[in-house]
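Subject: Model for your review

Hello,

Please find the structure below, followed by notes on what was found in it.

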Amino acid sequence: MERKLKVGILGATGMVGPRFVQLLDNHPWFEIEFLAASEKSSGKPYCEACSWKLPTLLPECVKHLLVRDPEPGFDAPVVFSGLDSRVAGSIEEAFAKAGYAVISNSSNHRMDEDVPLLIPEINPEHLQLVDSQRKRYKGFIVTNPNCSTITLSLALAPLEKQFGIESACVTTLQAVSGAGYPGVPSLDIVGNIIPFIANEEEKIETETRKIFGRVAKGKIQFHPMKLSAQTTRVAVLDGHTETVAVKLRAQAGLNEIKEAFKNYRALPQELQLPTAPARPIVLKDEADRPQPRLDVEIERGMATVVGRVRECPIFDAKFVILGHNTIRGAAGAAILNAELLKAQGYFD
Ligand code: NAP
């Protein structure tokens with residue numbers, strides 16, 4: 001049996017970090033070698049440094065592992081980053097310069113010209129950008145999109161493939177776990193909706209166009225689709241819901257759209273990557289679904305769940321989508337990215 005690849009987690013103690021730990025426990029290809037966080041956590045055993053809020057036990061293999069400073073010098077070629085974006089930029093660069101493959105959740109490098117903003121189902125060919133990073137790094141950085149953007153992009157992918165997308169309008173209802181730990185104060189969010197999440201609308205509007213962009217001469221030409229996003233924070237623990245209306249380039253009936261959602265499969269499914277969902281999009285027929293409490297764990301949190309597909313009197317079609325923000329929107333997305341990189345030989 002092939003030996004597992006050693007990996008580290010930067011920002012292991014926050015909201016996304018523990019998700020990495022949970023999803024990497026017993027992973028068939030990767031094993032955790034080190035955990036790092038801020039100086040507040042450094043030197044403490046992980047069980048003391050981290051406030052473990054997941055409904056599974058903290059894995060024994062990391063319970064007493066000492067949390068380290070986020071500085072290169074570890075015997076692990078791959079690092080996952082769940083670092084606070086206030087510090088992620090320079091720390092991730094230091095690791096990439098030192099030769100590590102940095103697989104990041106943070107927003108800092110997502111829009112760098114030579115950094116792939118990867119969703120393996122949609123734009124695996126963007127990985128060729130990694131080669132142009134060799135000029136500045138011994139290693140490289142690959143990012144996953146913002147959590148709302150991933151959920152949206154997966155839903156748009158089959159529509160773009162079959163009919164083309166001209167424009168889309170989206171309103172999000174985002175879970176509190178999306179704001180990190182300890183996140184939004186309960187007195188602000190319980191019984192309330194906060195109609196503002198800093199920088200979120202801009203991220204959805206620009207990242208989506210990069211994700212669907214084409215690589216030409218080593219650069220991404222952004223997709224010309226027009227997007228308009230409004231984002232809100234709601235009193236839900238996990239799972240971002242989004243209401244979407246789309247205008248398509250080619251005419252499509254509702255049944256064709258539903259079939260496109262239902263039948264969508266891509267490279268991760270073909271390669272049977274360990275974290276890939278069997279169905280990247282799950283279509284619900286019930287009139288009152290998807291709902292975060294009932295549907296967020298479908299496909300182990302790795303799918304976009306779509307429902308309420310109907311005609312739109314202004315755009316062509318409208319529907320509701322749901323995605324797990326710390327799994328497909330963060331740690332699970334990064335792990336799937338790493339699996340694709342491994343399958344394509346980028347860690348050899
Ligand atoms: P979080 O709960 O605030 O956790 C931040 C992590 O960064 C903690 O481990 C923290 O360590 C570490 N950190 C903070 N300052 C540091 C420093 N100066 N040096 C080293 N480590 C430092 O945030 P999160 O929700 O897990 O998000 C992590 C990243 O993923 C962010 O960039 C976020 O935008 C992105 N993201 C989050 C989600 C989500 O659903 N939450 C989804 C997609 C992307 P200490 O505990 O020691 O302070």
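Leu10 has Ser81 in β3 as its bridge partner. β3 (residues 78-81) and β1 are parallel and paired over 4 bridges; strands count as paired if DSSP finds at least two bridges between them. Strands (E, at least two residues) and helices (H or I, at least four) are DSSP runs, numbered from the N terminus.

This is a predicted model: local features need pLDDT of at least 70 and side-chain atom pairs count only at pLDDT 80 or more, while totals for chains, interfaces and linings use all residues. Residues are numbered from 1 along each chain as its sequence is written, and side-chain values use heavy atoms, with hydrogens and water left out.

β1 (residues 5-10) is largely enclosed by the rest of the structure, because 5 of its 6 residues are buried (under 20% relative accessible area, 1.4 Å probe, protein chains only). β1 also runs parallel to β2 (residues 30-36), joined to β2 by 6 bridges. Within this pair, Leu5 stands opposite Phe30.

α1 lies across β1, β2 and β3 and runs at about 160° to β1. Contact here means heavy atoms within 4.5 Å; angles run from 0 to 180 degrees between N-to-C directions of lines fitted to C-alpha atoms, for helices over the stretch in contact.

The open sheet has 5 strands in the order β2-β1-β3-β4-β5, with parallel pairing. β2 and β5 (140-143) are the edge strands, each pairing on one side only.

Regards

Key: Buried < 20%, exposed > 50% of the residue type's maximum accessible area, 1.4 Å probe, protein only.
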